[in-house]
Amino acid sequence: MDKNYRTIVKTLSYRTAGLLSIFLLSYLLGYGSGFALKIVVASYTIGFVSYLIHEYIWNRVNWDRLNESDSKLRSIVKTITWRVYSFIVLFFIGKILGLDNSSSLEWTIYSNIAFIITHYVHERVWNIIKWGKGEV
């Protein structure tokens with residue numbers, strides 16, 4: 001089980017990687033800097049709390065944990081559960097920020113593809129880092 005300080009630092013590093021991903025994605029999709037800034041702030045704050053809760057839940061689940069490391073399958077399942085929840089939240093954030101249904105859905109789909117890649121890579125990197133692992 002990860003120690004609390006590891007979970008908090010891991011959450012901050014994930015949210016920062018996600019921040020960079022959505023900022024770049026908003027430019028690639030042509031939504032402009034105003035939208036990029038709003039979505040970054042909304043995603044970072046709402047996403048931080050959501051991801052922290054997700055991590056605390058997964059820290060209590062020992063399924064497919066090998067010693068103190070996660071298996072690749074566990075990382076994939078964690079990524080999927082996080083993305084399903086995030087898909088719903090991102091759609092509604094897009095709506096709140098003024099996107100119509102079609103644009104909000106487009107934004108949600110593209111950002112989830114980017115985040116799936118970001119999340120899986122992040123999980124695998126943190127799996128290598130031994131700092132803060134062990135019983136609480």
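Student: Is aspartate 70 buried or exposed?
Tutor: This is a predicted model, and the values are computed from it. Buried means under 20% relative accessible area. Aspartate 70 has a relative accessible area of 11%, so it falls on the side of that cut-off called buried.

Student: Which residue forms a salt bridge with aspartate 70?
Tutor: Side chains of opposite charge can pair when their charged atoms come close. For aspartate 70, the closest N and O atoms of the pair are 3.4 Å apart.

Student: Which residues are linked with Arg65 and Asp70 in a network of salt bridges?
Tutor: The structure holds seven salt bridges. Some residues are linked through them in a network that includes Arg65 and Asp70.

Student: Which residue of helix H2 pairs with lysine 10, and how many residues apart are they?
Tutor: Lysine 10 forms a salt bridge with glutamate 55, with the closest N and O atoms 3.3 Å apart. Both lysine 10 and glutamate 55 are buried. Lysine 10 is in helix H1 and the pair links distant parts of the chain, the partner in H2 being glutamate 55, 45 residues apart.

Student: Why does the salt bridge of glutamate 123 with lysine 10 tie together separate parts of the sequence?
Tutor: In this pair the closest N and O atoms are 3.2 Å apart. Glutamate 123 is buried, as is lysine 10. Because glutamate 123 lies in helix H4 and lysine 10 in helix H1, the pair ties together parts whose separation in sequence is 113 residues.

Student: At what angle do H1 and H4 pack?
Tutor: H1 passes H4 in a right-handed crossing. The axes of H1 and H4 are 10 Å apart, and the packing angle is about 145°.

Student: How do the residues in the contact of H1 with H4 divide by type?
Tutor: On the H1 side the contact includes Lys10, Tyr14, Ile22 and Leu25. On the H4 side, Trp107, Phe115, Glu123 and Trp126 are among them. By type, the residues of this contact are nine nonpolar, nine polar and three charged.

Student: How far is the C-alpha atom of leucine 90 from that of asparagine 112?
Tutor: Leucine 90 is buried, with a relative accessible area of 3%. Leaving aside neighbours within four places in sequence, its contacts include Trp107, Ser111, Asn112 and Phe115. Leucine 90 and asparagine 112 are 22 residues apart along the chain, and their C-alpha atoms are separated by 8.6 Å.

Student: Which residues does histidine 54 touch, not counting those up to four places away in sequence?
Tutor: Histidine 54 has its place in helix H2. At 10% relative accessibility, it counts as buried. The residues histidine 54 touches are Lys78, Thr81 and Trp82.

Student: What is the phi of aspartate 64?
Tutor: Most residues other than glycine have a negative phi. Aspartate 64 sits in the loop between H2 and strand S1 (65-66), and it counts as partly exposed at 27% relative accessibility. Although aspartate 64 is not a glycine, its phi is positive, at about 55°.

Student: How far apart in space are tyrosine 85 and tryptophan 131?
Tutor: Tyrosine 85 lies in helix H3 and counts as partly exposed at 40% relative accessibility. Tyrosine 85 and tryptophan 131 are 46 residues apart in sequence, and from C-alpha to C-alpha the distance is 28 Å.

Definitions and conventions: Residues are numbered from 1 along each chain as its sequence is written. This is a predicted model: local features need pLDDT of at least 70, side-chain atom pairs count only at pLDDT 80 or more; totals for chains, interfaces and linings use all residues. Side-chain values use heavy atoms; hydrogens and water are left out. Buried means under 20% relative accessible area, exposed over 50%, partly exposed in between (1.4 Å probe, protein chains only). Contact means heavy atoms within 4.5 Å. A salt bridge is a side-chain nitrogen of Lys or Arg within 4 Å of a carboxyl oxygen of Asp or Glu. Helices (H or I, at least four residues) and strands (E, at least two) are DSSP runs, numbered from the N terminus. Axes are lines fitted to C-alpha atoms, for helices over the stretch in contact, and angles run from 0 to 180 degrees between N-to-C directions. A crossing is left-handed if the near helix is turned anticlockwise from the far one by less than a right angle, and right-handed if clockwise. Ala, Val, Leu, Ile, Met, Phe, Trp, Tyr, Cys and Pro count as nonpolar, Asp, Glu, Lys and Arg as charged, and the others, Gly among them, as polar.
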